[in-house]
Amino acid sequence: MDTPNSSDTAQKSNKKQSVDTLIHARWIIPVVPEKRVYEHCSLAINDGTITAILPSTEARLRFAAREEHQLGDQLLIPGLINTHNHAAMTLLRGYADDKPLMTWLEKHIWPMEQQWVSPEFVADGTRLAMAEMLRSGTTTFSDQYFFPEATAAVARDTGMRAQIAFPVIDFPNNWSRNGDDALEKGLAIRDDYRSHSRIGLAFAPHAPYTVGDETLRKIAIYADELGMSVQMHLHETAGEVDKAIAETGVRPIQRLHNLGLLSPQFLCVHMTALDDSDIALLQTTGAHVSHCPRSNLKLASGFSPVAKLLDAGVNVSIGTDGAASNNGQDMLAETNTAALLAKAVAGQADALPAHQALAMATINGARALGLDDVTGSLEVGKAADLCAIDLSALEQQPLHDPLSQLIYTTNGHHVRNVWVAGKQLLKDRKLATLNEEELKQRAASWRDRIAGRTS
């Protein structure tokens, strides 16, 4: 086990320094620096920011905390970062399962959304998703769904960190009449949250087959001028790529590059059907990838060559996708799947080792969302976005390596405590800002409405 060096700790002083919170953990994995596991160390928080990471014996001498937590046999890691989600779709969990992607979308999900999706639907579904995310260790998520103003308001009130990627589609939908209408509405939401510390806005053109060149050019210009991120479903299936080539003569990612979209502000979601030219474009432009392994597996969309992407220097993060195609929000389960699947796809047992899988779920996700100066690792000066995981369960014994145990034997049910910007949102698995019974009742109400049991 390692010990934080002097650069990780506060300056020594004869007088105790006052801080808001002091957390003592059996293990701390900071992610940055990588491959480090600190044992019997503590983390000091003041004004929502990490001020020190140091041995617990030293922390007790150095700091006087208004609130102190002794976590016992818990592992403290950065809060997990979900880089692609449709949070409100938790209300469609289990609806239209076992269908191919385009059949699932065109025959089931889109008609259902057209009938039922409203601000009320989005608010209720997002609260349910946030409860599940917090209870499984996620502190930051990027969301792409209709009525993004409702998602932003719920994230603001719940205390989570969120990137609200407002959907841009060129045909009429529940939220917008066309691409221009979506851009106008989305930019107005951006103005509302411009100074918010936890909520940011991004463009989310849905997919190459739902957004035309004119709208994409406008997004490229806006993103560059405003310094905003862009995320898009891309190369989700081989069929999508083949159809695009037949219709346009170029691969979808090349088309986006020709339109000026690919850059370090661009996040490509899914990316299962790739050739060497696609990877070269990602490499040279600095665009990121959001890998959604469980959704891709369930919809039989294909396998993203994660190890090959990482070897090429492409930043790869992890997303759950929506609960209608996953069917959960558990980022630890998603990370486990990502690690195992990468080995099978690469044909190498050492492809995507545990430390790299954890980085994908934390600091890589922060980079993909443009938040790596704020969150994604436990470093002095960053926001205190934290997740504490119990490693004392029988199924986790014996414990030779906390990092290995985290990736290969742990899931969201082992998460005990979560903080965002120093505020505790989950305490001993109890939510601080959401009512669990009310969430269950609202979910049951929507189930009955969709099933036609109520009006």
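Modeller: Begin with the annotation itself: UniProt positions are given in the numbering used here, and annotations may be inferred rather than shown by experiment. Note also that this is a predicted model.

Biologist: At which residues does UniProt place the feature "binding site"?

Modeller: The unreviewed UniProt entry places it at His84, His86, His233 and Asp321. These residues span 238 residues in sequence, yet no two of their C-alpha atoms are more than 12.0 Å apart, so they gather at one spot.

Biologist: Is His86 buried or exposed?

Modeller: Buried means under 20% relative accessible area. His86 has a relative accessible area of 9%, so this residue is buried. His86 lies in the loop between strand 6 (80–85) and helix 2 (101–116).

Biologist: Which residues does His86 touch, not counting residues up to four places away in sequence?

Modeller: Contact means heavy atoms within 4.5 Å. On that basis, His86 touches Asp143, Gln144, Tyr145, His233, Asp321 and Gly322. Two of these, His233 and Asp321, belong to the annotated site.

Biologist: Where is His233 placed, and is His233 buried or exposed?

Modeller: His233 is part of strand 10 (residues 230–234). With a relative accessible area of 6%, His233 is buried. Beyond its neighbours within four places in sequence, its contacts include His84, His86, Gln144 and His270.

Biologist: With which side chain does the side chain of His233 make a polar contact?

Modeller: A polar contact is a pair of N or O atoms within 3.5 Å. The side chain of His233 makes one with the side chain of His84 (3.2 Å). The side chain of His86 also makes a polar contact with that of His84 (3.2 Å).

Notes: Residues numbered from 1 in each chain as written. Predicted model: local features only at pLDDT ≥ 70, side-chain atom pairs only at ≥ 80, totals over all residues. Heavy atoms only, no water. Helix = DSSP H or I, 4+ residues; strand = E, 2+ residues; numbered from the N terminus. Buried < 20%, exposed > 50% of the residue type's maximum accessible area, 1.4 Å probe, protein only. Polar contact = N/O pair within 3.5 Å; in protein donor to acceptor, adjacent residues only side chain to side chain.
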